[in-house]
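Dear colleague,

Please find below the structure that I am handing over to you. My findings follow directly after it.

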Amino acid sequence: MQATAYTYDAQTRCGSVLLDDGTPLPFDAAAFDAGGLRLLRPGQRVRIEVEGEAGSGTETDGRRIVLVTLQTF
């Protein structure tokens, strides 16, 4: 799945992405570390892997990002 980096804190290695439909989805340090990145800038296009299902009614809809890496073409 593709998304756009929205926020990133270099100290905690946590942040959030915006899905293509505009939905924000947070990621934790484990997801960031799994992708092997050293830095992420808002606006960068990223590839994410997600676990869980959409539609639970919460802000993240029951989904959890497990990997964040740069989108390559």
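A search of the whole structure, which is a predicted model, finds four salt bridges.

One of the salt bridges joins the side chains of Asp-33 and Arg-13, at 2.8 Å from N to O. Asp-33 belongs to helix α1 (residues 29-34), whereas Arg-13 sits in the loop between β1 and β2, so this pair ties together parts that are 20 residues apart in sequence. Both partners are partly exposed: the relative accessible area is 39% for Asp-33 and 30% for Arg-13.

Another salt bridge links Arg-47 with Glu-49, whose closest N and O atoms are 3.1 Å apart. Arg-47 is partly exposed at 33% relative accessibility, and Glu-49 is likewise partly exposed, at 38%.

The side chains of Arg-64 and Glu-51 also meet in a salt bridge, at 2.9 Å from N to O. Since Arg-64 lies in strand β5 and Glu-51 in strand β4, the pair ties together parts that are 13 residues apart in sequence. Arg-64 is partly exposed, with a relative accessible area of 43%; for Glu-51 the value is 43%, and this residue too counts as partly exposed.

Turning to the sheet, five strands form an open arrangement in the order β3-β2-β1-β4-β5, with antiparallel pairing. The edges are taken by β3 (24-27) and β5 (64-70); each has a single partner strand, so one side of each is left without a neighbour in the sheet. On average, neighbouring strands are turned by 40 degrees against each other, direction ignored. Within the sheet, β1 (residues 2-9) pairs with β4 (residues 45-51) in the antiparallel sense over three bridges. The bridge partner of Ala-3 in β4 is Val-46.

Ser-16 is located in strand β2 (residues 14-19). Its relative accessibility is 11%, below the 20% limit, so Ser-16 counts as buried. The side chain of Ser-16 makes a polar contact of 2.8 Å with the side chain of Thr-7. Leaving aside residues up to four places away in sequence, Ser-16 touches several others, among them Tyr-6, Leu-25 and Phe-27.

The ring centres of Phe-27 and Phe-32 are 6.4 Å apart and the planes stand at 15 degrees, so the pair is stacked. Both Phe-27 and Phe-32 are buried. Together with Tyr-8, these two residues form one aromatic cluster.

With kind regards

Technical notes. Residues numbered from 1 in each chain as written. Predicted model: local features only at pLDDT ≥ 70, side-chain atom pairs only at ≥ 80, totals over all residues. Heavy atoms only, no water. Pairing = 2+ DSSP bridges. Helix = DSSP H or I, 4+ residues; strand = E, 2+ residues; numbered from the N terminus. Axes fitted to C-alpha atoms, helices over the stretch in contact; angles between N-to-C directions. Buried < 20%, exposed > 50% of the residue type's maximum accessible area, 1.4 Å probe, protein only. Polar contact = N/O pair within 3.5 Å; in protein donor to acceptor, adjacent residues only side chain to side chain. Contact = heavy atoms within 4.5 Å. Phe/Tyr/Trp six-rings, centres within 6.5 Å; stacked < 30°, edge-to-face > 60°.
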